[in-house]
Amino acid sequence: MTTMNKNIIKTGLLAAVVALSGCDSFLDINTSPNSPSEDQLTTSLIFPGAEMSLCTSYCGELRMHGGYYAEHFGGVPGNSNYNSNSRFEVGTGSGNGVWYNLYIKGLNNLQTVIEKADAEGDRGTKLAATVVRTATYATLVDMFGEVPYSEAFDVENHPMPHFDNGKDIYKGILDELDAALSGVLPTDNVCTNFLFPNGMADGWIKTANALKLRMLMRISNVENVQSQIAALIAEDNFPTSDVAWKGCWSDNSNNASPYYRMYGNGSYSYTKKNISYNLTIVNTLEDCNDPRLSAFMNRNTKGEYFGGMAGNTLADVGGVSANTMSMPLSSYNTPAYLITVAEIEFFIAEYEARYGNASAAAEHYRQAIEASCDTYGVAFTASITNAYPWNASNWKRCIGIQKWIHLAGCNNFESWCELRRLGYPTFGEVSGADIFNGGDLNYDIYVPGTLYTPYTVSANIGDNKILQRFPYPSDAAARNSNTPANKGDLVPVFWAE
């Protein structure tokens, strides 16, 4: 066993090394079992915990961050939680939890799984671990722009690894994914896991293709990857249902769906409601009678949908309270989404709009919206597309706004990413200060399908701009002298340049 793996065991990072007594044992963060000896470690013991490292951060904390930075969420009267997020403020400690969970813990454990699967000739498990590793690295790049990759985890030769640029990391993980896909059969076995518990590789193959499509489309503005995207679309081996962790959550504070735990719903140990939906998404959906509104949020005590503001809790407005806000609907078993069919269809619509033909683009645009309705269990209606009809000459606006709407209820982090890449929705002509004019709420002046400068906005951001990246984590800088100086809140990651 390598020094790296020994270090993982010694520092207790194999959080999933627990008895195989069901889902709860992998998810319970308070479980402290006796660690098995090194020769007893198996991929089935390690991999579920590595999955959860990605799932809990990506579908929990990063959903919260993305919800504010994409202006899906607003402030809650009487609650100061997440106010800084609402103002687009992000400090050097903001990414520490995600950094530990994804980079320190998750990637270490995934490397161990890949090494073991490789040694055992277990192609299915190697692919599954590579898929999660790819998603983890892509998420880190999409957050920070640059992270250690080529020298990462080689503690003997590179105890303080250099940070690689995001473009090289994307290329590296795409190559890793292609290598792991080579020779894998849909019926190949996969070790114990939560995402596709049937134990076969078919779902992992389709998910690998979907993640490749997402990454290739994300870099398509800065590199010519048309032929690679065309080959993927021609193969047409994508998931036909949403890829999500579901059916593995239980009704207690440790093992509930990460979004439910993050949101703060009054259950378990929470005493306050933390997040309301923003007036942006409420008013946009109401404007076109979009049935997804009722799937995203609850009606307030007046029987109405009412959104909060970015940069203001509205605490000084008479009659406004937490009870008048529309809160996200969630439960302990809310699915945690990795990628949805609607996203895949939006990417294909974009490809056809850029390189293919207008009729195919329009058809995939419609299919994407229908798939979004399927995700939320509501009926597709013509009013949805009538509000933002397909426009071949301005496809970015159509796809950008509809993708922003779709991801508001299932993956807010990806919405923040796509907002930075596509540039839609754009900022309208009114600001938060205009909407909250001396304490009077002028929601009627908001134009549906637009963003607004928060009432109070970070001085590092300013008017009509969104946060472009997280600063490098302070925990990384404290332990690694090769951590670069932070680039600034408005410097795009490579694919948004």
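Phe88 sits in the loop that links helix H4 (83–86) to helix H5 (96–119), where helices (H or I, at least four residues) and strands (E, at least two) are DSSP runs numbered from the N terminus. This is a predicted model, in which local features need pLDDT of at least 70 and side-chain atom pairs count only at pLDDT 80 or more, while totals for chains, interfaces and linings use all residues. Residues are numbered from 1 along each chain as its sequence is written, and side-chain values use heavy atoms, with hydrogens and water left out.

Although Phe88 is not a glycine, its phi is positive, at about 65 degrees, and the residue is buried, with a relative accessible area of 0%. Here buried means under 20% relative accessible area, exposed means over 50%, and partly exposed lies in between (1.4 Å probe, protein chains only). Asn289, in the loop between H11 and H12, also has a positive phi, near 50 degrees, but Asn289 counts as exposed at 62% relative accessibility.

Helix H11 (residues 279–287), which Asn289 follows, is mostly covered, as seven of its nine residues are buried. These buried residues pack against strand E5 (276–277), helix H12 (293–296), H16 and helix H18 (432–435), contact meaning heavy atoms within 4.5 Å.

Two packed helices are described by the angle between their axes and the distance between the axes. The axes are lines fitted to C-alpha atoms, for helices over the stretch in contact, and the angles run from 0 to 180 degrees between N-to-C directions.

| Helix pair | Angle | Axis distance |
|---|---|---|
| H13 (residues 341–355) and H16 (residues 395–407) | roughly 175 degrees | within 11 Å |
| H13 and H14 (residues 358–376) | about 165 degrees | 8 Å |

H13 is therefore roughly antiparallel to H14, and H13 and H16 are likewise roughly antiparallel to each other; angles over 145 degrees count as roughly antiparallel, under 35 as roughly parallel, 65 to 115 as roughly perpendicular and the rest as oblique.

What kinds of residue make up the contact of H13 with H14? They divide into twelve nonpolar, three polar and two charged, where Ala, Val, Leu, Ile, Met, Phe, Trp, Tyr, Cys and Pro count as nonpolar, Asp, Glu, Lys and Arg as charged, and the others, Gly among them, as polar.

Finally, a cis peptide bond, with omega about 0 degrees, joins Tyr424 and Pro425, and Pro425 lies in the loop between helix H17 (412–422) and H18.
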